[in-house]
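Keep the viewer open as you read.

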Amino acid sequence: MAVHKLSRTDARRIAVRAQLLGKARPTDLHDVVRGLTLLQVDATAAVAPSADLVAWSRLGSAYSPTELTEALAKRSLVDLRQMVRPAEDIALYRAEMDAWPGGDDAPGYRRYQHKWLHTNEMCRQSILNRLDAEGPLPARAFEDTCVEPWKSSGWTNNRNVVQMLEFMLLAGEVAVAGNDSGRLWDLAERVYPDQPAVPLAEALRTRNERRLQSLGIARAKGPGCPVEPIDVGEVGEPAIVEGVRGQWRVDPAQLGQRFAGRTALLSPLDRLVYDRKRMVEIFQFDYQLEMYKPAAKRRWGYYALPILHGDELVGKVDAAADRKAGVLTVNAVHEDEPFTTAITAAVWREIRDLAKWLELELAA
């Protein structure tokens, strides 16, 4: 198979178009989630929750967060490991759940999780019984009857019930059924659609294909990401990008397509910029989420929103939503290169639309 030779401009346009950020906007939330394959759930709401920001970036202020809430309640969309996915896609994960923690070649940490789960079989069974009788329930509703505590050097240390639920989710026994100041849990059979599992090898390939379709261009191999990989294996077709080392995989359906761009403000967790290495290689964009940095060391702000203009990432908007005061404050618009009059006008149209969508007064 011939290797496609792409310029950085070609690669950027493929990525932007695949992420539904071209001039022609989608009009339906479910179409957005199917096209992107997921909306990442994140509790930070300095401007708005990331899943809602991603939807707004595609749909505009016509989108209402209640649409996502209702879709999750109706189970047309489901939360799997804090990734909102189309309910029909659960069939692509069932074989992996059935096989959890995996065979003899499974990583050691997975085997340890499995062993710990069954060491605490009485707690596991108690959770299943409570959910069967009373679900959906929050994690705090369950009594911690573990005989061996979960050991970790991080925040999960001794958080036994939470860890138990997470491992039972991986095994397909429980699922997230909603949110009420925290996740609500129920038996998976009452949340997921009753669909047969797609065989594992076929499911993994289909997931790679879907991921490549949503990204447009990606590496065949990348660093491990346990929930949602950033690489795509050998699906698609090989490509090289001028000025970038190594080979890529490209979605052939994106090749030769016309490009018409627009201006958009993105969540820091938007899949266009989530893979920071790809972001630098293709977009040559300097960006970090700085919410974990001391204020004095931030260059762009606590939760700066990357600015997409056409096929380029051109700056960041440092904004914060004060819902009690009813105000969206724009602390700064950082221009990577001086904006033209047209770019400035387009960016401020998006900022005003963001304020309108949030139902907040704009303060700049």
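Helices α3 and α11 make a right-handed crossing (right-handed if the near helix is turned clockwise from the far one by less than a right angle, left-handed if anticlockwise). Their axes sit 12 Å apart and the packing angle is about 125 degrees. Axes here are lines fitted to C-alpha atoms, for helices over the stretch in contact, and angles run from 0 to 180 degrees between N-to-C directions. The pair is therefore oblique, given that under 35 degrees counts as roughly parallel, over 145 as roughly antiparallel, 65 to 115 as roughly perpendicular and the rest as oblique. On the α3 side the contact uses Asp-52, Leu-53 and Trp-56, and on the α11 side Glu-350, Asp-353, Leu-354 and Trp-357. Contact means heavy atoms within 4.5 Å.

A note on what you're looking at: this is a predicted model, where local features need pLDDT of at least 70 and side-chain atom pairs count only at pLDDT 80 or more, while totals for chains, interfaces and linings use all residues. Residues are numbered from 1 along each chain as its sequence is written, and side-chain values use heavy atoms, leaving out hydrogens and water. Helices (H or I, at least four residues) and strands (E, at least two) are DSSP runs, numbered from the N terminus.

## The nonpolar cores

Which residues have the most contacts inside the largest nonpolar core? They are Leu-29, Leu-39, Leu-53, Leu-354 and Leu-358, in a core of 39 residues. Such a core is a set of buried Ala, Val, Leu, Ile, Met, Phe, Trp, Tyr and Cys residues joined through side-chain atoms within 4.5 Å; buried means under 20% relative accessible area, exposed over 50%, partly exposed in between (1.4 Å probe, protein chains only). Helix α11 (341-358) is among the elements that supply at least two residues, as are α3 (50-59) and β13 (312-322).

Back at Leu-53, its contacts beyond four places in sequence include Val-47, Tyr-303, Leu-354 and Trp-357.

## Helix α2 and its neighbours

Helix α2 crosses α3 at roughly 105 degrees, and the axes come within 10 Å. These two helices are therefore roughly perpendicular. Leu-29, Val-32 and Leu-36 of α2 meet Val-54, Ala-55, Arg-58 and Leu-59 of α3.

α2 (residues 29-36) also lies across β2, β3 and β4, at about 105 degrees to β4. Those strands form an open sheet in the order β2-β4-β3, with antiparallel pairing. β2 (39-40) and β3 (77-80) are the edge strands, each pairing on one side only. Between β3 and β4 (residues 83-86) there are four bridges (strands pair if DSSP finds at least two), and Leu-80 stands opposite Met-83.

## A buried aspartate and a hairpin

Is Asp-89 buried or exposed? Asp-89 is buried, because its relative accessible area is 10%. Look for it in the loop between β4 and α5 (94-99). Its C-alpha atom is 9.3 Å from that of Leu-77, twelve residues away along the chain.

Further along, β9 (residues 237-241) and β10 pair in the antiparallel sense over four bridges, with Ile-240 opposite Gln-247. Five residues separate the strands in this hairpin, where Gly-243 has a positive phi near 85 degrees. β10 (residues 247-250) also pairs with β8 (residues 217-218), over two antiparallel bridges.
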